[in-house]
Amino acid sequence: MSQFTVAIIGGGFTGATLAAQLLRNSGGSVSVFLIERSARLGRGVAYSTECEEHLLNVRARNMSAYPDDQEHFLEWARLNHAPGASPDDYLPRPLYGQYVASVLQQEVERHPGRVVHVQDEAVSIARVGETAEIRLRSGRTLFADKVVIALGNFPPGDPRLPGRTPHSLRYVSNPWKSNLWTSSALGDVSGDKSVLLVGSGLTSVDVAITLRQRGFRGTIQILSRRGLLPQAHKATAPWPPFWTEQSPGTVRGLLQLIRTQVKAAEKAGSGWRAVIDSLRPFTQEIWRFLSFSERRRFLRTLASQIQDGQIEIHAGRIKTYAEDTDGVKVTYRARESGQPQQLRVDRVINCTGPENDCRKADDPLLTNLMRQKLARPDPLFSGLDVCPDGALIDGYGDVSDLLYAIGPVRKGNLWETIAVPELRVQVSELSRLLVTVDKGEHAKSKENHLLSRTEPSVVFPHQREGRGIYFEQFYLGCLAHASYLLGSEGEAVVVDPQRDVDIYLKAAERHGLRIHHIFETHLHADFVSGHQELAARTGAKIYIGPNGRATVSHTEVHEGFELRVGNMRIKVLETPGHTPESICLVVTDEGKSPDPWAVLTGDTLFLGDVGRPDLPKTHAPEVLAGMLYDSLHTKLLKLANDVIVYPAHGAGSLCGRNIRAERSSTIGTERLTNYALQIESKEEFIRQLTTNLPPRPEYFPHDAQINRTGAPALSELAGLEAISPRELRSLLNEEVIALDVRSADEFASGHVPGSINIPLSGQFASWAGILLGLSSRPLLIATSLEQLSEARTRLARVGIDDARGYLQDGIEGWRSAGLELAELPQIAVQQLREHFGVDKFQLLDVRRKPEWETGHVEAAAWYPLEDFRKFLPQVDRNAPIAVLCKGGYRSTIACSWLQREGFRNVTNVIGGFDAWEKAQLPFVTVLPIAV
């Protein structure tokens with residue numbers, strides 16, 4: 001295929017608008033296969049109805065297909081439907097289907113021949129070289145460079161109806177199938193006297209309206225567990241945003257907060273609708289903020305709390321379903337009385353809504369993708385597991401370089417991903433990604449991304465190539481650190497380099513670039529930068545902001561400094577706050593536009609967060625927080641909403657408190673969703689930014705000082721010396737630290753007595769820096785030379801340069817020398833609960849404070865792991881101790897530390913608190929409710 005081709009599977013709103021934006025953003029250089037069974041594109045299930053009484057569930061002002069043109073749909077509706085349409089109107093859904101189709105048609109007419117509507121169904125996908133082979137139900141085969149799965153909501157799942165068989169003639173499983181609104185899916189209902197709708201959500205309302213429209217005049221019975229129906233829309237006064245990252249992190253706490261706000265809104269003359277509307281910009285942020293267990297609890301307890309009064313409503317659970325020639329007899333247990341009740345109806349229609357478990361979804365493509373391990377469910381099984389950019393994660397944990405998902409199939413990661421205001425943002429971001437990725441270079445980038453799962457550096461496909469500039473983001477998962485390579489006309493710039501700099505040199509060589517410039521957005525405290533080595537190897541100049549007191553050879557840059565590299569212009573903004581010397585870099589691709597394209601924000605602005613102001617010792621946190629407020633509001637928020645934000649850190653970094661997991665955002669998105677940007681007063685901003693900060697790791701100031709003077713090249717570090725088992729045993733008596741980098745299970749099965757286990761699989765370097773310190777000189781225990789090399793590199797990234805050596809032949813060498821191995825007992829959560837009374841376990845929870853407050857085992861004592869270096873838990877050293885964290889990584893570290901300190905009876909809790917919650921065992925919370 002010489003033409004870059006994207007296959008979009010699904011032609012509803014997301015599929016049609018993605019096709020339109022691909023054409024619009026590429027100028028027609030991208031070809032699209034739009035695979036959709038229906039002859040009418042852009043409608044999907046929701047907008048294919050012909051019933052004018054089916055209304056949109058969102059106001060017209062929020063229904064534009066383009067996030068950067070909020071009035072687009074409203075203006076179209078005024079021209080094509082009702083000149084007097086108001087922004088607050090809930091317009092007919094058939095009209096919106098026409099609008100979506102017109103959006104696509106307009107781009108098709110501008111770029112003829114670039115979109116092919118394939119009226120078929122995709123049933124499987126296979127990789128053929130660097131392309132995807134898509135097999136259709138008809139037997140045809142298509143090939144594409146990239147595939148986007150835009151299937152919409154899953155088909156409905158059948159409720160449990162004891163007595164119903166697959167051959168039941170009076171039961172309608174899927175009212176959406178073959179399009180209920182325009183076909184004979186329900187048959188002739190005009191003669192029926194009574195119809196039972198199972199489920200009382202929006203589907204039941206749609207079906208009831210359709211039944212009336214098609215001549216049904218009998219009784220509509222609706223049965224659901226709670227017997228509640230959606231209410232009609234009602235105009236209300238707006239309610240100000242109230243959710244922040246300090247809000248409760250539990251479903252129960254959030255409900256209490258919302259109820260408090262509803263009472264206040266009603267007292268002020270507004271209502272619950274306005275309170276819910278004020279949450280809309282934050283729904284994805286709230287979903288990410290909730291722990292896995294809280295997400296699961298929300299899904300279990302979610303139920304509509306709204307009513308309608310036109311039909312007979314019943315609350316209860318169906319116990320039996322009996323079908324005969326005269327109709328159906330349904331027996332249910334009434335919710336209030338608990339007594340059995342009976343309904344006699346002519347027909348039963350499933351209105352329970354979309355299936356919530358992707359493993360049960362009746363879709364051959366999803367089934368085959370998971371069976372082939374080309375995709376895997378998200379942890380909640382609500383949809384497919386994806387990266388922040390939408391790339392599928394396969395059954396082995398690797399990120400696909402061919403397959404992307406958009407819309408409701410991403411529900412487990414985003415939750416609010418079924419309404420147009422959220423979907424259009426996904427469409428815009430994915431279309432931009434696909435358009436700006438060159439096929440050949442994308443494949444090379446993903447090769448780096450799909451290295452061994454222990455490979456520390458990951459290249460994400462944030463690339464922009466063509467006549468303007470080349471741009472690439474490198475993400476280091478173990479440190480949650482992002483660095484960047486930008487190039488134009490043979491010259492390149494590196495921003496915030498990690499210590500091992502070969503990745504930049506190799507990337508530059510691949511793209512015919514020479515690195516001439518290195519920017520540090522600030523003197524990082526959580527890792528050692530490779531700026532000095534990279535400058536020495538390339539002759540590049542280093543640029544650092546003012547007030548950093550850096551002594552490494554560099555050029556100090558100030559507000560307004562500009563660097564031109566080919567068609568690229570980089571402008572410096574002084575943005576002190578996280579540190580005094582912090583700067584941000586505004587990037588303009590002048591070959592395409594005179595307006596800024598992106599801003600590299602360092603640690604000033606993260607996704608969903610901002611940099612913490614308490615790290616430098618030269619300024620009080622309150623002073624830096626005030627500077628940060630000014631930097632955000634007078635500099636970054638002056639940029640246009642469509643400017644892309646690329647920060648220096650992602651989720652898990654201790655440079656922020658609650659950073660989102662995505663790798664990029666926009667100024668507009670952060671303006672709407674970032675809690676810190678919602679704080680209006682400077683005084684309140686300072687108060688919130690300096691309250692409840694996580695502990696500052698002791699190694700942070702040391703790393704900042706190393707970066708101030710420049711770190712030696714990795715090649716200058718002394719080689720690792722092999723240490724014999726008996727020599728190690730002698731060294732252990734001298735308090736030398738033996739650092740076992742193997743997996744937790746390997747360590748538990750047998751380890752050198754007194755060794756500390758920090759597995760390479762997690763945030764190894766950060767925990768080594770926090771617990772061991774930069775002068776620790778650990779002796780490494782690993783399973784292979786490759787593992788040793790990786791451990792050495794990761795330690796050097798945080799400044800632990802002087803590793804003492806390694807255990808010759810590893811654990812096998814220790815065993816062969818006839819030396820005794822220690823073991824670490826492990827226990828499942830169910831056994832732990834059973835043993836509380838018998839063995840009188842002392843339970844230690846080593847998670848961080850916010851995790852503990854969100855929920856913990858009532859019998860547990862809280863001792864966060866990061867404090868172990870300062871003081872040990874005050875518990876009986878000889879009594880049984882069980883240790884748990886979130887998932888088992890930190891608890892293994894803690895157990896090994898306790899064993900080394902002489903605690904004789906330590907047990908690791910398998911799966912941690914996540915497993916405890918999954919087993920539905922009781923816990924308590926101490927999180928205060930915000931008002």
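Residues are numbered from 1 along each chain as its sequence is written. The model is predicted, so local features need pLDDT of at least 70 and side-chain atom pairs count only at pLDDT 80 or more, while totals for chains, interfaces and linings use all residues, and side-chain values use heavy atoms, with hydrogens and water left out.

Reader: How many salt bridges does the count come to?

Author: Side chains of opposite charge can pair when their charged atoms come close. The rule for a salt bridge is a side-chain nitrogen of Lys or Arg within 4 Å of a carboxyl oxygen of Asp or Glu. By this rule the count is 30 salt bridges.

Reader: Which residue forms a salt bridge with Glu107?

Author: Glu107 is buried at a relative accessible area of 1%, where buried means under 20%, exposed over 50% and partly exposed in between, with a 1.4 Å probe and protein chains only. The closest N and O atoms are 2.9 Å apart, and the partner is Arg110.

Reader: How many residues apart in sequence are the parts that Arg869 and Glu698 tie together?

Author: Arg869 forms a salt bridge with Glu698, with 3.6 Å between the closest N and O atoms. Arg869 lies in the loop between strand E37 (861-862) and strand E38 (881-884), and Glu698 in the loop between helix H18 (682-689) and helix H19 (700-709), so the pair ties together parts that are 171 residues apart in sequence. Arg869 is partly exposed at 37% relative accessibility, and Glu698 is partly exposed at 43%. The separation asked for is 171 residues.

Reader: Are Arg742 and Asp740 buried or exposed?

Author: Arg742 and Asp740 form a salt bridge, and their closest N and O atoms are 2.8 Å apart. As for accessibility, both Arg742 and Asp740 are buried.

Reader: How many disulfides does a search of the whole structure find?

Author: A disulfide is a pair of cysteine sulfur atoms within 2.5 Å. Cys478 is buried at 7% relative accessibility, and Cys655 is buried at 1%. For the whole structure, the number of disulfides found is zero.

Reader: What separates the C-alpha atoms of Phe764 and Cys478?

Author: Phe764 is in helix H22 (residues 764-772) and is buried, with a relative accessible area of 0%. Phe764 and Cys478 are 286 residues apart along the chain, and their C-alpha atoms are separated by 6.6 Å.

Reader: How many residues apart in sequence are Val345 and Arg170?

Author: Val345 is in strand E13 (residues 340-345) and counts as buried at 3% relative accessibility. C-alpha to C-alpha, Val345 and Arg170 are 9.4 Å apart in space, and in sequence the distance is 175 residues.

Reader: What is the phi of Asp496?

Author: Asp496 is in the loop between strand E20 (491-495) and helix H13 (502-510). Asp496 is buried, at 1% relative accessibility. Although Asp496 is not a glycine, its phi is positive, at about 55 degrees.

Reader: Is Glu735, with its positive phi, buried or exposed?

Author: Glu735 is not a glycine, yet has a positive phi of about 70 degrees. Glu735 lies in the loop between helix H20 (725-732) and strand E31 (738-740). With a relative accessible area of 58%, Glu735 is exposed.

Technical notes:
Helix = DSSP H or I, 4+ residues; strand = E, 2+ residues; numbered from the N terminus.
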